[in-house]
Amino acid sequence: MSVKLDGKRLRIVLYEGDGAEPLEPQRRFETLLGLLEDGHSVTRAAPGGTVASADRADHLVIGQFTDKPADIAANGAGVLRFVDISDCAADDIRGTVASEISAAGGENPGGWKPWFPVIDYERCTNCLQCLTFCLFDVYGVEGVSQDPEGKGQITVQKEANCKIDCPACSRVCPEAAIMFPKYKKGPINGDVVRAEDLESESMKVDISALLGGDIYSALRTRQKDARQRFSTERDESKALLERKRCLKKLQKQFDIPDEVLMTLPSAGKIEERARRAREKAERRKERSQTMRDRGPVTEEDWGI
Amino acid sequence: MRVLYCHCAYAKVVPEDVKKDVLARLSGSGIAFDAVADLCELSARKDPALARLADGGETRIAACFPRAVQWLFHAAGTPLPDDGVEVWNMREQSADDVAAGLLRGVEV
């Protein structure tokens, strides 16, 4: 599934300042809860409080208006759309907001569980093991030309490529620097990293083992056995059962989803991928060195 | 002082009762606040809203683990300021503790 992360979003403001009647407490709560459950961000604007600045964002302002709220209009907002919700139940407000967003050419949220690695740069040593390990091009490097070593800085570049519920890359990180905030357990979920976490087997997956050792061998052997059994016995259910058993064991050990295990390439392909990553880093280093040797860019370089 | 509440809408890792209780108390308090459906999603989108949320002086945030929150903002290119930011963890703390922290010193 292709996930689009650059659609236009409107900022929703539940306005209860001058020129509007405050909502009844229960209705306010239900309205906020409903909009948040639908994936919207909502600002509750009320007298005397401070919220994030308008900053030229397009706004959908909902409220029980008695007059047009002048203080929002004067606060530097972009396009403003006002919707009077005086006679709307909380559920109706959700529908109205969705319709208004569509009418404004905006994107209604939802459809993707935001699952992707978040790097703790206070822990990251830039070893690039995650870059080499990830099969889905989630990681990249940036700032190669500014790096004296020409290595660049590891970054997360394609969040939407990440396989939902797969924390595998965090397990190859020797410093526990990769978080998945929606993961169930610490320190992968962002909890404090303790010394015992770094020692824990569940946090330490030796990448060399993954590149041809225990896990992969076990998977291949089991898959091969299952295939042989299937071809000799012609018993599809037995083969599937064996496959499920194998995947379940691996999944339990490392919390890696079936989908990811099913897409594991051969050990040779993974090694080839690591080799290409190393060569790419070398080429970047050489280019960076060439640029440094050449000195600063002159007007002549730009054809001026 | 500003308050930011994250509803963690796309996962079930924050207890429902804690989320709803904290939101109910914020909603009933009369204060102005920003509520986001999911900080992770905003971070992945590099949503400009995060810059507005990060740039507000003293801020109290109700979300999840402080380390995750800090680096989610950083990942979006809008790091939180070093000072003046408190993060209350709805995954581990009670609704009473979180609400008390968020509304500390506020006349309700």
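Helices are DSSP runs of H or I with at least four residues, and strands are runs of E with at least two. By this rule, chain A comes to 11 helices and 9 strands. The model is predicted. Chain A has 304 residues, and buried residues make up 42% of them. Contacts across the chain were also sorted by sequence separation. Among those in chain A with a separation of 6 or more, 62% join residues 24 or more positions apart.

In chain A, helix α1 (residues 25-37) packs against α3(A). The angle is about 40 degrees, and the axes are 9 Å apart. Angles under 35 degrees count as roughly parallel, and 65 to 115 as roughly perpendicular. The angle therefore makes α1(A) oblique to α3(A). The crossing of these two helices, α1(A) and α3(A), is right-handed. On the α1(A) side, the residues that meet the partner helix are Arg27(A), Glu30(A), Thr31(A), Gly34(A), Leu35(A) and Glu37(A). On the α3(A) side, they are Ala90(A), Ile93(A), Arg94(A) and Val97(A). By class, this contact of α1(A) with α3(A) holds 4 nonpolar, 2 polar and 4 charged residues.

Helix α1 (residues 16-29) of chain B packs with helix α5 (residues 95-102) of chain B at an angle of about 30 degrees. Their axes are 9 Å apart. The angle makes α1(B) roughly parallel to α5(B), because angles under 35 degrees count as roughly parallel. The crossing of α1(B) and α5(B) is right-handed. From α1(B), the contact is made by Val18(B), Asp21(B), Val22(B), Arg25(B) and Leu26(B). From α5(B), Ala95(B), Asp96(B), Val98(B), Ala99(B) and Leu102(B) take part. The residues of this contact of α1(B) with α5(B) divide into 7 nonpolar, no polar and 3 charged.

Salt bridges were then searched for in the whole structure. One of the residues in the α1(A) and α3(A) contact, Arg94(A), forms a salt bridge with Asp91(A). The closest N and O atoms of this pair are 3.7 Å apart. Arg94(A) and Asp91(A) are 3 residues apart in helix α3 (residues 90-103) of chain A, so about one helical turn separates them. The two partners also have their accessibility assigned. Arg94(A) is partly exposed, with a relative accessible area of 26%. Asp91(A) is exposed, with a relative accessible area of 58%.

Another salt bridge joins Lys113(A) and Asp165(A), with the closest N and O atoms 2.7 Å apart. Lys113(A) is partly exposed, at 25% relative accessible area. Asp165(A) is partly exposed, at 36%.

A further salt bridge lies in chain B. The side chains of Asp47(B) and Arg45(B) meet at 3.5 Å, N to O. Both Asp47(B) and Arg45(B) are buried. Salt bridges that share partners join Arg9(A), Glu107(A), Glu41(B), Arg45(B) and Asp47(B) into one network.

Asp165(A), the partner of Lys113(A), has a positive phi of about 70 degrees although it is not a glycine. Asn126(A) is not a glycine, but has a positive phi of about 60 degrees. Asn126(A) is found in the loop between β6 and α4 (129-133) of chain A. At 13% relative accessibility, Asn126(A) counts as buried, because buried means under 20%. By contrast, Asp165(A) is partly exposed, at 36%.

One peptide bond in chain A is cis. The bond runs from Gly186(A) to Pro187(A), with omega near 0 degrees. Pro187(A) has its place in the loop between β9 (178-179) and α6 (195-199) of chain A.

Terms used
Residues are numbered from 1 along each chain as its sequence is written. Chains are lettered from A and ligands numbered from 1 in the order in which they are written. This is a predicted model: local features need pLDDT of at least 70, side-chain atom pairs count only at pLDDT 80 or more; totals for chains, interfaces and linings use all residues. Side-chain values use heavy atoms; hydrogens and water are left out. Axes are lines fitted to C-alpha atoms, for helices over the stretch in contact, and angles run from 0 to 180 degrees between N-to-C directions. Angles under 35 degrees count as roughly parallel, over 145 as roughly antiparallel, 65 to 115 as roughly perpendicular and the rest as oblique. A crossing is left-handed if the near helix is turned anticlockwise from the far one by less than a right angle, and right-handed if clockwise. Contact means heavy atoms within 4.5 Å. Ala, Val, Leu, Ile, Met, Phe, Trp, Tyr, Cys and Pro count as nonpolar, Asp, Glu, Lys and Arg as charged, and the others, Gly among them, as polar. A salt bridge is a side-chain nitrogen of Lys or Arg within 4 Å of a carboxyl oxygen of Asp or Glu. Buried means under 20% relative accessible area, exposed over 50%, partly exposed in between (1.4 Å probe, protein chains only).
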